[in-house]
Amino acid sequence: MPHVIPLAILRDVRAVLRDGVTAEGAQCWTGYALLLIVGFGRIALANRYGELALAQVERLGRRDLWPRMAFIVYAVVRPWTTAMAEIVAPLRSIYARALEVGDLTIAVLGASMADLYAFHSGATLDDLRPQMEGTVQAIAQHGIASARAPHAELVRSVRILLDPAGADVRHAPTVSDDASAAIRFEIALNDLHRALLFGDPAA
């Protein structure tokens with residue numbers, strides 16, 4: 001349940017300080033970074049804890065854990081201090097590294113968030129078409145979408161962005177321009193992100 005997440009984060013931090021760092025335990029620093037931002041407004045300090053998490057998991061050689069931690073750092077922590085345009089490339093790297101270790105949900109989130117940040121930084125839909133179509137193909141190829149899954153809604157929103165006239169009207173409202181389509185895409189991406197964080201089994 002979301003209201004107990006801060007307590008869980010602090011419990012994990014205490015365990016790391018008491019027992020020492022493991023790769024899994026290093027993940028607590030990303031949660032602590034979010035807590036510092038949301039609860040205390042300590043943005044600069046939060047960025048340092050995000051960097052600490054990535055440095056520790058790299059040092060411990062856990063390539064399988066790096067993409068998930070890096071996604072939280074670059075998609076949630078860094079935007080408080082860094083222009084969105086400067087985060088696009090790291091998010092694309094997260095996509096590639098997540099695919100390498102088989103973390104398909106993080107791969108899709110990384111690619112989709114990169115597309116969203118690029119769009120809000122001035123890229124046109126024509127510029128983003130190859131990447132967005134690749135994201136949809138990755139979802140289909142790896143079989144991680146179902147009729148009710150957040151992944152499926154993300155696929156629909158991308159298709160609306162790329163081809164409003166061909167969108168499935170049973171699942172989508174009329175889209176009149178790129179801005180309204182982008183809003184739908186952002187909502188779908190947020191739903192997928194929330195499903196990941198709060199453990200929706202459909203994600």
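Visitor: So which residues in H2 are buried?

Guide: In H2 the buried ones are Cys-28, Trp-29, Thr-30, Gly-31, Ala-33, Leu-35, Leu-36 and Ile-37. Buried means under 20% relative accessible area, exposed means over 50%, and partly exposed is in between, with a 1.4 Å probe and protein chains only. Bear in mind that this is a predicted model, where local features need pLDDT of at least 70, side-chain atom pairs count only at pLDDT 80 or more, and totals for chains, interfaces and linings use all residues. Residues are numbered from 1 along each chain as its sequence is written, and side-chain values use heavy atoms, leaving out hydrogens and water.

Visitor: What covers the buried residues of H2?

Guide: The cover includes helix H1 (5-19), helix H3 (43-59) and helix H4 (66-77). Helices here are DSSP runs of H or I with at least four residues, strands are runs of E with at least two, and both are numbered from the N terminus.

Visitor: How far does H2 reach from its first C-alpha to its last?

Guide: H2 covers residues 28-40, and its 13 residues reach 17 Å, close to the 18 Å expected at 1.5 Å a residue. That expected span is 1.5 Å times one less than the number of residues. After H2 comes Gly-41, with a positive phi near 65°.

Visitor: Zooming out, how many helices and strands does the chain have?

Guide: There are 9 helices and 0 strands. Of the chain's 203 residues, 44% count as buried.

Visitor: Which residues have the most contacts inside the largest nonpolar core?

Guide: That core has 36 residues, and the ones with the most contacts inside it are Trp-29, Leu-54, Phe-71, Tyr-74, Leu-91, Ile-94 and Met-113. A nonpolar core is a set of buried Ala, Val, Leu, Ile, Met, Phe, Trp, Tyr and Cys residues joined through side-chain atoms within 4.5 Å. The largest share of this core, 9 residues, comes from H6.

Visitor: And what does Leu-91 touch?

Guide: Leu-91 touches Phe-71, Tyr-74, Ala-75, Gly-110, Met-113, Ala-114 and Tyr-117, not counting residues up to four places away in sequence. Contact here means heavy atoms within 4.5 Å.

Visitor: Switching to rings: how many aromatic pairs does the structure hold?

Guide: It holds 3 aromatic pairs. One of them is Tyr-32 with Tyr-49, edge-to-face at 4.9 Å centre to centre and 90° between the planes. Tyr-32 is in helix H2 and Tyr-49 in helix H3, 17 residues apart. Rings of Phe, Tyr and Trp (its six-membered ring) pair if their centres lie within 6.5 Å; planes under 30 degrees apart count as stacked, over 60 as edge-to-face and the rest as tilted.

Visitor: Which residues form one aromatic cluster?

Guide: Trp-29, Tyr-32 and Tyr-49 do. Tyr-49 counts as partly exposed, at 22% relative accessibility.

Visitor: Last one: where does the charged end of Arg-97 sit?

Guide: Over the ring of Trp-66, 3.7 Å from its centre. The rule is that NZ of Lys or CZ of Arg lies within 6 Å of the ring centre and within 35 degrees of the ring normal.
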